[in-house]
Amino acid sequence: MDKKNKEVRVRFAPSPTGYLHIGSARTAFFNWLYAKKKAGQFILRIEDTDIARHQEETIDIILNSLKWLGLDWNEGPESGGGYGPYRQSLRLEIYKKYADKLIEEKKAYRCFCSPESLKAERENKKDREVGPGDGKAFKYDRRCFKLSQKSIEANIESGKPFAIRFMVPENEVINFRDTVYGNITINASNIEDFIIIRTNGLPTYNYSVVVDDALMKITHVIRGEDHLSNTPKQILIYRALGFDIPDFTHLPMILGQDGQKLSKRHGSISIEKYIEDGFLKEAILNYLALLGWAYDEKTTTFSIDELIEKFELDSINKKPAKFDYDKLLWVNGYYIRNMENSVLEKLLETQIKKYLASREMSDPESSPGNLQQKIARITPLVKERIKTLKESINLVSPFFIETVYSDQSKNYFKNKNIDALKILNSIYSALDEVDDRFPAKETEGNLRLVAKNLNLNLRKVAEVTRIAIWNSPVSPPLFETMEILGKELTLRRIKDYIKIIS
RNA sequence: GGCCUGUUCGUCUAGGGGUUAGGACAGCAGGUUUUCAACCUGCCAACAGGAGUUCGAUUCUCCUACAGGCUACCA
């Protein structure tokens, strides 16, 4: 069939060694975007062939992070599909079958050498090369390929463990075109006979990935740049097995601010952590899209639909990108600011409930319905002031918990040339005159009057009030805040604070 | 060591044989303002270095430097 008309099938193939890494999330996202753009299929496959590092429970974490990001897949371990199973640990028979075929065709062979002895040889070679050396890396000398049929059988008979090595053709040139990196040519003589099936019967990455991608009819392999150097090996396998070779697209790495591969010491690298810290999936995805890709010279924010429309694999650039947390924060704030209030309310509600639960309290004075209403009134006040959902707690907690004045608040006016006590007494009476609904307009009007009478600017009066009712020099807009707090609470706090500084 | 790849403001990037090298984040300054934000205005700031090709190179070629990846019975 014409390649152009073939249905696009892409895949994301994480190995369950921890959590969904921010870099893997980008890889998944670019695959997903491409599938959506081409109305193709997005396949999820779990590469769990490394027993030592494999952790069963992390599969769920990864799947949940993908779901949270909205990167839904058409075929995968849970959903199934026509090309399963979608976990490599369940496909061992398949790998074995093709390995046997390769052995039969003399394109692979059993290797009885022990890993330990080979490792020793390798080290040895390295030591000897402290001088100019011969310019060649250690390459397995194929000694097990040269074994006679008889000794092979004897070895098998005696139960001697073996791995299976791929027989790399000599003097073969491998040439492929990467969507991002362009034409890559390397000579097979630089590649040693690498292992495709380990002694324990499990396949290695470079082999299983080919078998799976081919059998799952993957048309476009989109993955991290760390696999670019592995691609020639894989192409050799495709050729040996007579499989169609897919298109390759390698994505530049994501690095930490120090230019090193993004790792734990750079801070948050798992999607989970970003969820917990109050990031929005739209913001994360938008930011990730901009790491290594740009649409034009100015656009920095894209909805998912716009990305699907505008995203192109061949405009991805080659340079590794440093992860800029500040820019992510900005993007997140942008999305919060531009969000429907009703949507933000729900998110804030979850956040606030979690916070209250962590303090083992429910909203002290409101029923659940009241809590919702209260949050609905608070939302527009904080919308432009937060960069993450989690951050909202700092700004909003005095709405929900009793104030315990900090030392900073208690001493706030000590060395300032302000008669806070006098001002507060005036404020108290001025506010007491406002009716019980405590509308912002009226409280503001009254406080302006106080300012005028005391010959102060509103700024000073607001400052004093803010410390008293909010226990902080920073708050949401003061008069709206008092309105939501209500007359009773507001006045009570002012009274409390007066007592403290008296 | 070998092989592969890359290098535009601090960061993400646009651009591309002749441009005041553009935008965004961050930073700085100002405006607005009841604080903090948001918003508006302005400023700072880049083609790694050296050769070559060319009338002209940041753009093309080569070399160097630096960085990353692979070179595993990790993925």
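Helices (DSSP runs of H or I, at least four residues) and strands (runs of E, at least two residues) are numbered from the N terminus. The structure is a predicted model, in which local features need pLDDT of at least 70 and side-chain atom pairs count only at pLDDT 80 or more, while totals for chains, interfaces and linings use all residues. Residues are numbered from 1 along each chain as its sequence is written, chains are lettered from A and ligands numbered from 1 in the order in which they are written, and side-chain values use heavy atoms, with hydrogens and water left out.

Lysine 217 lies in the loop that links helix 6 (205–215) to strand 8 (220–224). Although lysine 217 is not a glycine, its phi is positive, at about 60°. Its relative accessible area is 49%, so lysine 217 is partly exposed; by definition, buried means under 20%, exposed over 50% and partly exposed in between, with a 1.4 Å probe and protein chains only. A positive phi, near 60°, is also found at lysine 106, which is located in the loop between helix 3 and strand 3 (108–111). Lysine 106 counts as exposed because its relative accessibility is 54%. In the loop between helix 2 (57–69) and helix 3 (92–104) lies proline 85, joined to glycine 84 by a cis peptide bond with omega of about -5°.

The contacts with RNA strand B were examined next. A residue is near the strand if one of its heavy atoms lies within 4 Å of it. There are 65 residues around RNA strand B, of which Arg122, Arg198, Thr199, Gly292 and Arg385 come nearest. By class, this surface comprises 27 charged, 23 nonpolar and 15 polar residues, where Asp, Glu, Lys and Arg count as charged, Ala, Val, Leu, Ile, Met, Phe, Trp, Tyr, Cys and Pro as nonpolar, and the others, Gly among them, as polar. Of the RNA atoms within 4 Å of the protein, 71% belong to sugar or phosphate, and the rest to bases. A polar side-chain atom of glutamine 260 is 2.4 Å from a phosphate oxygen of RNA strand B. Base nitrogens of the RNA lie 2.8 Å from a backbone N or O atom of cysteine 113 and 3.1 Å from a side-chain N or O atom of serine 229. Among the elements that give two or more residues to this surface are helix 4 (115–128), strand 6 (182–187) and helix 18 (458–470). Helix 4 also contains glutamate 123, which is partly exposed because its relative accessible area is 43%. Glutamate 123 and phenylalanine 138 are 15 residues apart in sequence, with their C-alpha atoms 8.9 Å apart.

No disulfides (pairs of cysteine sulfur atoms within 2.5 Å) were found in a search of the whole structure. Cysteine 111 is in no disulfide, and the nearest cysteine sulfur, that of cysteine 113, is 3.8 Å away. Cysteine 111 is buried, at 1% relative accessible area. The sulfur of cysteine 144 is 3.5 Å from its closest cysteine sulfur, that of cysteine 113, and therefore too far for a bond. Cysteine 144 is buried as well, at 6% relative accessibility.

Strand 1 (residues 9–12) is covered on both faces, with Arg9 and Arg11 buried on one side and Val10 and Phe12 buried on the other. Strand 1 runs parallel to strand 2 (residues 41–44), to which four bridges join it; strands pair if DSSP finds at least two bridges between them. Valine 10 has phenylalanine 42 as its bridge partner in strand 2. The chain passes from strand 1 through helix 1 (residues 22–37) to strand 2 in a right-handed β-α-β crossover, that is, with the strands pointing away from the viewer, the path from the first strand over the helix to the second runs clockwise.

Definitions and conventions: A polar contact is a pair of N or O atoms within 3.5 Å; within protein, one must be able to donate a hydrogen and the other to accept it, and residues adjacent in sequence count only if both atoms are side-chain atoms.
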